[in-house]
Amino acid sequence: QSGNTSHTGRLIMNGGAAFGHLLLAFCFGSFFAGYSKADTELIYSGRYSPNLLAAALAVVAGCMVHYCKEHGGDGNNNTSECLLLFAFSQGIQNGITRRCQTLPICTTHFTGYLTDVGTLLGWCARDGVAGEKFLKAMLFAAGIFFFGLGGVAAKELHESFSVQAALIAAALMAAVAGGLVPVTKSK
């Protein structure tokens with residue numbers, strides 16, 4: 001977030017506060033997750049998560065706003081309500097996943113993952129053991145890989161489906177929120 005914050009400061013000084021509005025919407029989504037006492041373990045145990053469902057519905061609402069503005073003759077730009085709803089959604093999602101007791105996971109940004117991968121691998125190299133720290137580093141590295149893969153998918157899908165491609169992510173969030181994608185321990 002430090003890069004986003006300094007970018008916002010630069011934009012505000014150049015007369016554009018829209019990016020700051022997106023950060024506030026993200027923060028409000030996190031506030032929503034905190035205020036509603038979100039059970040941060042629900043999504044990892046395959047149980048219904050009303051907060052994650054709210055995040056999915058915010059993405060659907062953002063897609064609807066974008067579609068209506070686009071087809072109603074109003075343009076969509078970097079201050080679109082669609083982006084505010086997307087940022088709100090991601091704030092909720094991150095507010096849930098970062099507070100998981102067993103292993104905080106960022107699902108909306110990955111810069112902290114780079115630090116975690118480097119630090120954990122450094123500890124493994126220093127101590128000469130792989131073990132649990134190595135597995136955590138690989139989990140974070142997989143997260144980085146899938147963030148990149150998601151970017152490729154977004155680029156490819158955007159050309160055909162525009163912002164409505166986000167409905168795929170909303171459907172996946174709703175499936176997890178409904179407990180339809182259980183996370184179980186294998187024996």
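A: Let's start where two helices, H3 and H7, touch: Leu-52, Leu-53, Ala-55, Ala-56, Val-59, Val-60 and Cys-63 of H3 meet Ala-166, Leu-167, Ala-170, Met-173, Ala-174, Val-176 and Ala-177 of H7. A contact here is heavy atoms within 4.5 Å. Sort the residues of this H3–H7 contact by class and you get 14 nonpolar, no polar and no charged. (Nonpolar covers Ala, Val, Leu, Ile, Met, Phe, Trp, Tyr, Cys and Pro; charged covers Asp, Glu, Lys and Arg; the others, Gly among them, are polar.)

A word on what you're looking at: this is a predicted model, where local features need pLDDT of at least 70 and side-chain atom pairs count only at pLDDT 80 or more, while totals for chains, interfaces and linings use all residues. Residues are numbered from 1 along each chain as its sequence is written, and side-chain values use heavy atoms, leaving out hydrogens and water.

Now the geometry. The axes of H3 and H7 come within 8 Å and cross at roughly 160 degrees. (Axes are lines fitted to C-alpha atoms, for helices over the stretch in contact, and angles run from 0 to 180 degrees between N-to-C directions.) H3 and H7 are therefore roughly antiparallel to each other; the labels are roughly parallel under 35 degrees, roughly antiparallel over 145, roughly perpendicular from 65 to 115, and oblique for the rest. The H3–H7 crossing is left-handed, meaning the near helix is turned anticlockwise from the far one by less than a right angle, with clockwise being right-handed.

Step back for a second. The protein has seven helices and zero strands; helices (H or I, at least four residues) and strands (E, at least two) are DSSP runs, numbered from the N terminus. Of its 187 residues, 30% count as buried, where buried means under 20% relative accessible area, exposed means over 50%, and partly exposed is in between (1.4 Å probe, protein chains only).

(A nonpolar core is a set of buried Ala, Val, Leu, Ile, Met, Phe, Trp, Tyr and Cys residues joined through side-chain atoms within 4.5 Å.) In soluble globular proteins, nonpolar side chains tend to be buried together.

H3 has another partner: H3 and H4 pack at an angle of about 170 degrees, with their axes 8 Å apart. That makes H3 roughly antiparallel to H4. On the H3 side, the contact includes Leu-52, Ala-55, Val-59 and Cys-63; on the H4 side, Phe-86, Ile-92 and Ile-96 are among the residues involved. By class, this H3–H4 contact has 14 nonpolar, five polar and two charged residues.

H4 in turn meets helix H2 (residues 18-35): the two pack at about 40 degrees, with axes 6 Å apart. H2 and H4 are therefore oblique to each other, and H2 passes H4 in a right-handed crossing. Phe-26, Gly-29 and Ala-33 of H2 are among the residues in this contact, as are Phe-88, Gly-91 and Ile-96 of H4. The classes here are 12 nonpolar, seven polar and no charged.

Not counting residues up to four places away in sequence, Ile-96 touches Ala-33, Ala-38, Thr-40, Ile-43, Ser-49, Asn-51 and Leu-52.

Ser-49 is in the loop between H2 and H3 and is buried, with a relative accessible area of 2%. With the same rule for sequence neighbours, Ser-49 touches Leu-42, Ile-43, Ile-96 and Ala-177. And Ala-177 is one of the H7 residues that meet H3.
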